[in-house]
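Good morning. I will talk through one structure today, and I will keep it brief. Please have a look at the screen.

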Amino acid sequence: MNDGETLMRKVDLSVTPLRDLNQDLHRQSSGANEKNWEVLNPMGFHAIAVGVDAPIEIDIRGSVGYYCAGMNKQATITVHGSAGPGVAENMMSGKVRITGDASQYAGATGRGGLLVIDGNAASRCGVSMKGIDIVVKGNIGHMSAFMAQSGHLVVLGDAGDALGDSIYEAKLFVRGSVKSLGADCIEKEMRPEHHDELGKLLETAGVSDVKTSEFKRYGSARKLYSFNIDNADAY
Amino acid sequence: MTYHNPPTTPRKSATFDDYALSEIRRAAHTGIYDIRGGGAKRRVPHFDDLLFLGASISRYPLEGYREKCTTSVTLGTRFAKKPIELKIPITIAGMSFGALSANAKEALGRGASIAGTSTTTGDGGMTPEERGQSKTLVYQYLPSRYGMNPDDLRKADAIEVVVGQGAKPGGGGMLLGQKISDRVAEMRNLPKGIDQRSACRHPDWTGPDDLEIKIQEIREITDWEKPIYVKIGGTRPYYDAALAVKAGADVIVLDGMQGGTAATQEVFIEHVGLPTLACIRPAVQALQDLGMHRKVQLIVSGGIRNGADVAKALALGADAVAIGIAALAALGDNDPAHEADYQALGTTAGAYDDWHEGKDPVGITTQDPELMSRLDPVRGGRRLANYLKVMALEVQTIARACGHNHIHNLEPEDLVALTVESAAMARVPLAGTSWIPGQGQGGF
Ligand SMILES: Cc1cc2nc3c(=O)[nH]c(=O)nc-3n(C[C@H](O)[C@H](O)[C@H](O)COP(=O)(O)O)c2cc1C
């Protein structure tokens, strides 16, 4: 094998127990030479490739159950299929891509890194997000970005009811329609810096066929940051 | 000529008592509900309503200071590769950094470590002070996920998935702006100085079937090494304990309504949830029905103050207990030595509960650097360790008197109740009778 060439590890989950796969992935460190992993027959298992902390690439061939890529750090994980609830929950860094659709709570509480969903995401996408960037090429369901603290949620399609309810400092960009905004979430002006920010996000997510001018920005009105009895009707 | 009615003694209403009236005036004046720390202050049936029988002709006692009476407990034997070993069955409950100062968290870690027991993080994440000083640290996995990250998850000795808390079952957390210092704001990833609400529900699971998958994920992330606890507020203890077992918990933490909180609505603290005494037997029953008693360990909390309370909780079937308010009291909370300070805050030692305001004169429930510096973590840790050791000695004293060489051999048959209510809740006979009210009715 030549210098610089890396090994490809294939793990077939119809043979190898999930626990062994995750433990093997946890043994990879920054200097590991098994940089490329392919996971076959995921069969909708839960918790595939969770808690990885190494700059490795993992391709999962098929659909996954709950919490795939949970708490990911550094790794680039691609699900060639659809993902169940809580994909990339609490992700710290790295990149997770779903070529199909994602179920509820995609990217929940994520702290960093990039989550790209080529299809649609169901309800509560980006719930309680804390720094993650999420790009959804399709639509997102209701109550997305609920209590979202920081990071970006970019939606090329439409958003469902109560977008950004009780949102803190996260920034939301939606290209299509928004069925309704949640408490304390308002449309905000797209200033030049927002076009820049959004442009970079689209670029890293590999989206080249849309313009930033097609998006609207939403964020917090910051009216509910301190409890005030006169706001009680808003809750 | 004037006619005088015979004078009657001014009479206050038992219903509209001074407290109820002051609360009406307070609400009318401020337009907001009362928020405070601590647990339920009203009297509810509690461990004081139970008595131990001690040895007699049919049972012989063990000699104090001579015959062995073991206090150690192992938690997390069901699935975890590395169960927790504690020297005493009294743990320190989860209390958040943010609600508590860094010095207080450090003191709790120090005290617990000296006494050979565990301490627990809280809403707000793990601090290096706490990890550094805690031999055994339980890391809470809360709905807010403030500060949650895989590195701290791996640094923990056990992980506690918090579903609820006795002071506010069904409620989320509250940390008001005054206490959001730069450090607290950064750990929670929120702007400084705003009122923070912690979610009441987990963001990425609902219901027992999801919980099972969530626990599986946490086990996968931590390579099945660490015990997973599930903490529930006392509401439906039979079903919640059964569902926690089904979801794969190694340990159940069950917190009754007297359990403390850092800040919640008074109406919540006083009116939602079951007394600790009413929670234990149904939970133990669930474990027994599933053949899991002592296999999934049960930690009980909410109003534990002394060794007698611990012994009674164990006799009713708990494996260990947890303390919150009592641990803070051991550090100096509400000490009359600070009466002048408490008076200045409009309260008195023993009644101070505005922990959310961050003005604690003892330096425990504050983020103010000056106030916090009043709490020496080394001295505080020493005091907590003393207190924990006294409680363990008290449990041993009672266990020996009842003839047991391990505190886990304490059993309901060692107990009687002083009131009909406590007899029904604890399912032990009313003192001097063989009557256990409510038996045979079934249901929870
Ligand atoms: C100041 C304070 C902060 C608390 N913070 C948390 C928390 O972050 N998470 C949690 O599960 N429980 C929290 N609790 C509840 C305790 O973990 C525990 O359930 C309760 O204090 C036990 O009852 P006791 O105070 O009567 O001993 C807190 C309690 C107090 C007093």
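Predicted model: local features only at pLDDT ≥ 70, side-chain atom pairs only at ≥ 80, totals over all residues.

Residues are numbered from 1 along each chain as its sequence is written, chains are lettered from A and ligands numbered from 1 in the order in which they are written, and side-chain values use heavy atoms, with hydrogens and water left out.

The helix is α6 of chain B, residues 207–221. Helices here are DSSP runs of H or I with at least four residues, strands are runs of E with at least two, and both are numbered from the N terminus. α6(B) has 15 residues and reaches 21 Å from its first C-alpha to its last, close to the 21 Å expected; that expected span is 1.5 Å times one less than the number of residues.

Which residues of α6(B) are buried? Among them are Leu211(B), Ile215(B) and Ile218(B). Buried means under 20% relative accessible area, exposed over 50%, and partly exposed in between, with a 1.4 Å probe and protein chains only. The buried residues of α6(B) pack against α1 (18–27) of chain A, and also against elements of chain B, including β7 (136–141) and β11 (228–233). After α6(B) comes Asp223(B), with a positive phi near 55°.

Next, the ligand. It is surrounded by 25 residues, and Gly94(B), Lys231(B), Asp255(B), Gly303(B) and Gly324(B) are the closest; to count, a residue needs a heavy atom within 4 Å. One ligand oxygen is 2.7 Å from a polar backbone atom of Gly324(B), and a backbone N or O atom of Ile325(B) is 2.8 Å from a ligand oxygen. Of the 600 Å² of accessible area that the ligand has on its own, the protein covers 97%, by the Shrake-Rupley method with a 1.4 Å probe.

Now the two side chains. Asp165(A) sits in the loop between β8 (150–155) and β9 (171–174) of chain A. Is Asp165(A) buried or exposed? Asp165(A) is buried, at a relative accessible area of 16%. Its side chain reaches the backbone nitrogen of Ala183(A) at 2.9 Å.

His404(B) lies in the loop between α14 (377–401) and β16 (415–417) of chain B. His404(B) is buried as well, at 8%. Its side chain reaches the backbone oxygen of Asn409(B) at 3.3 Å.

Notes: Contact = heavy atoms within 4.5 Å. Polar contact = N/O pair within 3.5 Å; in protein donor to acceptor, adjacent residues only side chain to side chain.
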